[in-house]
Amino acid sequence: MINREVGRRTRRNIRWTVFLLVLVVLGIYLGVFLDRL
Amino acid sequence: MTATTQDHAHHADEPTGFKRWLVTTNHKDIGSMYLLFSLAMFLVGGAMALVIRAELFQPGLQVVDPYFFNQMTTMHALVMIFGAVMPAFTGLANWMIPLMVGAPDMALPRMNNWSFWLLPFGFAILLSTLFMPGGGPAGGWTMYPPLMLQTGTAFPFVIFAIHVLGISSIMGSINVIATILNMRAPGMTLMKMPLFVWTWLITAYLMIAVMPVLAGAITMLLTDQYFGTSFFSAAGGGDPVLYQHIFWFFGHPEVYILILPAFGIISTIIPAFARKPLFGYSSMVYATASIAFLSFIVWAHHMFTVGMPLAGQLFFMYATMLIAVPTGVKVFNWVATMWRGAMTFETPMLFALAFVFLFTIGGFSGLMLAIAPADFQYHDTYFVVAHFHYVLVTGAVFAILAAAYYWLPKWTGHMYSERLGQWHFWLSVIFVNVLFFPQHFLGLAGMPRRIPDYSVQFADWNMVSSIGGFGFGFAQLIFVWLLYKCIRGGEKAEARAWEGAEGLEWEVPSPAPHHTFDTPPVIR
């Protein structure tokens, strides 16, 4: 749930920020294994 | 910087009692929960430290058996790092970042709640391992294989608990980054942000980068133990040293995760009590970013004695020494901020000043440890223990205490007892040096760390260190009493509790209303 007190544009930016950060986290986590397999 | 604010009264339809705390999405509630949880863990980890110091009071085995001693050294570290220091900073971030950037709350309030409640869950699992058959983890907080794989029933529980704590940290970091990047008040450019916000932004990126690395390493431990893989087993074609590389690729940036927000706190408090703007704001920002970058390329200085090519030793030695440059910039800027300032010495300033002196001692012993040939002598001795406790106790913990004293009036609406605060500071600063300074001598004389018994030549300084330990531990009870009294009542705090305090958080009343900045402030 994104903060409802901010505007639509900010909510969209927050959604993108979270999406990219989650992608980075998953990439690093899986990369640690893939490097060794 | 000027601002206009608009506050609303507490919403009548919000739940009360325990349910309020369970389901709250308010950044101030969640910040308070983080801070109180951190205090509880600080006391639990402190009790474990006192078990260690009681055993080491005299040579010989007298208080606990060696296996339990090893559990205490391991759990003390895990509790203090993941339970006390990191949640304290996250609590401060929750409370202060929205107030400092003029945002109504964090970007993801429900995830914020979830991030917090994972912590008691994770620690319940971790601490419960002490009561399992075979006891808790005893191989050190670094969890090196193959030793860690000899842990009994507790092993999968420890791995699961650390995954949970890591997920909590990652979610907290995502929230901090999303809030700072997207919810700053109009006019607050990045280079107008308070230093505490800057240091937290950089810390959050560090966490995003390295917590998944730790998770990967310990997942591999789990699969080596239960699923037939051989990532770290030489017999199966793996390499136990690989674990150390992966662990310290997480572990060294972790050290900066524990200290960068402290730099932000000190950069906030010193200007307030010197009544001067911070000297060299932009150089502080660039120094913080430089330290964060360098933290990724120095990990193998923890492994000089494991064996590595000469070129590797030289690279990691010089890269480590480079960190002294941006750190020196910071110390210079703090001193320059105080230069010819109208200084007063209330408790937050005293802790901040002690930080500047004592953290620098920890920095210097770190430089000594960075010298590869010297490290062959110091490695795994009490010199290392002295070094990182100067960095983490007189560094991180003192900064957290300074922050608590500085912002308590804003959180509670009451001024704390300055008399008790001064007692707390002076007893802490005396006993912490009695506790940790002799450990330099013990280490240089060759006393190994993580050992419950020692040669009689180390007896005197161990006794002194233990006296310091108990003194420091009991001095913290003054803080608990002061905190209780401050929450219950006391002299009413003004909106701007400190004469020299600057920033948006001082524009709202004390205590800060439940909802702030529903209308964004205007930054000019």
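Me: Before we start, what does "contact" mean here?
Reply: Contact means that heavy atoms lie within 4.5 Å of each other. Keep in mind that this is a predicted model.

Me: Is B:H163 buried or exposed?
Reply: B:H163 is buried, because its relative accessible area is 19% and the cut-off for buried is under 20%.

Me: How far apart are B:H163 and B:P212 in space?
Reply: From C-alpha to C-alpha they are 9.2 Å apart, although 49 residues separate them in sequence.

Me: Let's zoom out. How many helices and strands does chain B have?
Reply: Chain B comes to 16 helices and zero strands. Its radius of gyration is 23 Å, close to the 24 Å that the globule rule gives for 524 residues, so chain B is as compact as a globular protein of that length.

Me: What box do its C-alpha atoms fill?
Reply: Taken along the principal axes, the box for chain B is roughly 65 × 50 × 45 Å.

Me: How many of the residues of chain B count as buried?
Reply: That would be 60% of the 524 residues. As for surface, chain B exposes about 19300 Å², and carbon and sulfur atoms supply 71% of that.

Me: What about contacts in chain B between residues at least 6 apart in sequence, how many join residues at least 24 apart?
Reply: Of those contacts, 83% join residues at least 24 apart in the sequence of chain B.

Me: Which UniProt annotation covers part of chain B?
Reply: An unreviewed UniProt entry carries the annotation "domain: Cytochrome oxidase subunit I profile" for residues 21–524 of chain B. Over that stretch the chain is 68% helix and 0% strand.

Me: New topic: cis peptide bonds. Which residues does one join in chain B?
Reply: One of them joins B:P145 and B:P146, with omega at about 0°. You'll find B:P146 in the loop between α4 (109–128) and α5 of chain B. There is also a cis bond from B:S510 to B:P511, where omega is near -5°. B:P511 sits in the segment after α16 (459–488) of chain B.

Me: What's up with phi of B:R450?
Reply: Phi of B:R450 is near 60°, a positive value in a residue other than glycine. B:R450 belongs to the loop between α15 (418–444) and α16 of chain B. With 30% relative accessibility, B:R450 counts as partly exposed.

Me: And what is phi of B:F517?
Reply: B:F517 has a positive phi too, about 55°, and B:F517 is not a glycine. This residue lies in the segment after α16 of chain B.

Me: Does B:F517 count as buried or exposed?
Reply: B:F517 counts as buried, because its relative accessibility is 1%.

Me: What about B:R20, where is its place?
Reply: B:R20 is in helix α1 of chain B, residues 17–23. Leaving aside neighbours within four places in sequence, B:R20 is in contact with B:P15, B:D29 and B:H514. B:R20 is partly exposed, with a relative accessible area of 24%.

Me: Last one, chain A. How many helices and strands there?
Reply: Chain A comes to one helix and zero strands. The C-alpha trace of chain A spans about 45 × 15 × 5 Å along its principal axes. Of the 37 residues of chain A, 30% count as buried. Chain A exposes about 2800 Å², with carbon and sulfur atoms supplying 61% of it.

Conventions
Residues numbered from 1 in each chain as written. Chains lettered and ligands numbered in written order. Predicted model: local features only at pLDDT ≥ 70, side-chain atom pairs only at ≥ 80, totals over all residues. Heavy atoms only, no water. Buried < 20%, exposed > 50% of the residue type's maximum accessible area, 1.4 Å probe, protein only. Helix = DSSP H or I, 4+ residues; strand = E, 2+ residues; numbered from the N terminus. Rg over C-alpha atoms; globule rule 2.2 N^0.38 Å. Areas by Shrake-Rupley, 256 points an atom, 1.4 Å probe, with all protein chains shown as cover. UniProt positions renumbered as here; feature names shortened; annotations may be inferred.
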